[in-house]
Amino acid sequence: MYEGVVQDLIDELGRLPGVGPKGAQRIAFHLLAADPADVRRLAQVLIEVKEKVRFCRTCFNVAEAEECRICQDPRRDPSVLCVVEESKDVVAIEKTREFRGRYHVLGGAINPIEGIGPDDLRIRELMTRLADGTVTELILATDPNLEGEATATYLARLVKPMGLRVTRLASGLPVGGDLEYADEVTLGRAFEGRRLLDV
Amino acid sequence: MAHTVGVSLYRDEGVVLRTQKLGEADRIVTLLTRDHGRVRAVAKGVRRTRSRFGSRLEPFTHVDVQLYVGRSLDVVTQVETLAPYGAALAADYPRYTAGTAMLETAERLTVEEREPAVQQYLLLVGGLRALAGGEHDPGLVLDAYLLRSLSVAGYAPSFGACARCGAPGPHRAFAVPEGGAVCPDCRPPGSASLAPEATALLAALLTGDWAVADAAEPRYRREAQGIVAAYVQWHLERGLRSLRLVDRTTPEGGQTVRATGDA
Ligand SMILES: [Zn+2]
C-alpha cells in the first residue's frame, strides 16, 4: 500500500480492463515520472472523450449526438439488424460497403470467467428493439471466437420464439491463406458453410 | 544457433483454461498440463487471422503443445489439437456456462504454477469430454466435477457418516463449514436440510455413479446443486465468478414439468 493519492491512482488504474495490480503500479509510476505536460494532455483527452462522445441511444454505437449517423440515416434498411460486440466492428463492417441495414452494439461478449453475463451486455435493449416487429432478419456478427460463438448461441435461443430469420456470418478460411495452415475448427466451419459454385 | 544455448523446450498435453490479450496480436494462454501443472505461456501472433495457431489456443481446447521456458512466461512454439471441445460447448449455452465454471475451478484449485496436478488435469479432461458428449445433464456434470476436484484438492465432503463425530449416516443435515453431513447431536445452527434423495445424488456424483445421478429428479438436482455451490464458495476464497452465470435450463423444460407433477 502506498500513501494517499498514489494508491488512489493505482486503484483507479487497476479497475481498467486488462490492467492487473502489477500493471496498475507500473503505469502509476510511469505517470509519476512522466513530463507534466504529457500527463496533462492525457487527463484532458480523458475528460473530453467523456464529455463529447456518448453511445447512440438506439444502437449503442459511439456517437457525437443522441443518435449515431447510421441510425439517423433514413436510407438504411430498418428490417435487417446486425448485432456486433463493439463499435469497432461497426467500422469494420461499414468498410465492406456490403451491408445496408442497421446495427446493435452489445458492448462485449458473454464471458463467465471474467464475470460478464447476459445482463452486463445490451441484450435487454436489443429485445426491446425487436419487440415492435420492424426487424425481420437478425444477423449475429459477434466475433468468431469462443465467447462470440457462445453469445450468438445465447441470442439465437433467446429470440427463437419471435420467429425472426436469424443468420450468423459465415466463417471459414481466411482469404489469401493456405488450406494446410487452417486449424480443425476453422476448416470444419468452412465445410459447413460451403456454397454452390454456379458456373 | 549460438544464442539458443540454454533454451529449454518441453512438450506436454494440456487444456486451455483462459486467454488474455497481450499487446497488439499476442495472447497469454493459461494451460492446465498433464505433467507441468498450470502454465502461463505467450502465444505470439495468435490474434492475427492467418496465425498458424488458429482456434487451437481457445479455452476448452485439449492440445498437444510444445513450449520453451521463458523468463517469466513460457512461449508456445507448436500446437496440435487433441480435441476441440470449445466448438461443441459454444453451440449449447448450458454446456458452455457449465464448462466455464469448470475451467475457473481448475485454475483456482491449481494454486502454484508449474506444480504438477495430474489428478486435476485428468478430472478436467474427463469433465469436458462428458460435457461435450452430451450424455448427461450439463449441471450434473459440473456438480460431479466440482465435488471431485475439491476432493482432490483436499476438501472431500462426507455424505455418509457425520462429518464431526463419525456417527453412521445417512443424516438429513448438511453443514458446509463442517465438511459434510452432520448427525442431529452435532448439527450446528444454520445447517441445511437435505432430502435423503439429494444426499444420495451428491454421493453418486462424488463417486461417479451415473445410473443413480441421471435418474435423480429435478427437485433433488436443485437441492444438490445448492449444496455444491455453497461448498465451492466456502472453500474457494472470493468464490467462483462464473458459478452464478451457469445456465441450468433443462432442454425444452421437460424435466421441470415432471418435477412439479411429482410435488
Ligand atoms: Zn445508432
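B:R114 lies in the loop between α2 (93-109) and α3 (118-133) of chain B. In this predicted model, the phi angle of B:R114 is near 65°. That value is positive, and the residue is not a glycine. The peptide bond from B:G169 to B:P170 is cis. Its omega is near 0°. B:P170 sits in the loop between α4 (138-152) and β6 (173-175) of chain B.

Chain B also contains a helix pair. Helix α5 (residues 196-207) of chain B crosses helix α7 (residues 218-235) of chain B at roughly 60°. The two axes come within 8 Å. The crossing of α5(B) and α7(B) is right-handed. On the α5(B) side, the contact involves B:E197, B:A198, B:L201 and B:L202. These meet B:Y220, B:R221, B:E223, B:A224, B:I227 and B:V228 of α7(B). Seven residues of this contact are nonpolar and three are charged. None is polar.

Chain A has a helix pair as well. Helix α1 (residues 4-14) of chain A packs with helix α2 (residues 21-33) of chain A at an angle of about 130°. Their axes are 8 Å apart. This angle makes α1(A) oblique to α2(A), since only angles over 145 degrees count as roughly antiparallel. The crossing of α1(A) and α2(A) is right-handed. From α1(A), the contact draws on A:V6, A:L9, A:I10, A:L13 and A:G14. From α2(A), it draws on A:A24, A:Q25, A:I27, A:A28, A:F29, A:L31 and A:L32. The residues of the contact of α1(A) with α2(A) comprise 10 nonpolar and two polar. No charged residue takes part in this contact.

The site links distant parts of the chain through A:C56 and A:C71, which are 15 residues apart. A:C56 belongs to the loop between β1 (54-55) and β2 (62-63) of chain A. A:C71 belongs to helix α4 (residues 69-72) of chain A.

How values were computed:
Residues are numbered from 1 along each chain as its sequence is written. Chains are lettered from A and ligands numbered from 1 in the order in which they are written. This is a predicted model: local features need pLDDT of at least 70, side-chain atom pairs count only at pLDDT 80 or more; totals for chains, interfaces and linings use all residues. Side-chain values use heavy atoms; hydrogens and water are left out. Axes are lines fitted to C-alpha atoms, for helices over the stretch in contact, and angles run from 0 to 180 degrees between N-to-C directions. Helices (H or I, at least four residues) and strands (E, at least two) are DSSP runs, numbered from the N terminus. Angles under 35 degrees count as roughly parallel, over 145 as roughly antiparallel, 65 to 115 as roughly perpendicular and the rest as oblique. A crossing is left-handed if the near helix is turned anticlockwise from the far one by less than a right angle, and right-handed if clockwise. Contact means heavy atoms within 4.5 Å. Ala, Val, Leu, Ile, Met, Phe, Trp, Tyr, Cys and Pro count as nonpolar, Asp, Glu, Lys and Arg as charged, and the others, Gly among them, as polar.
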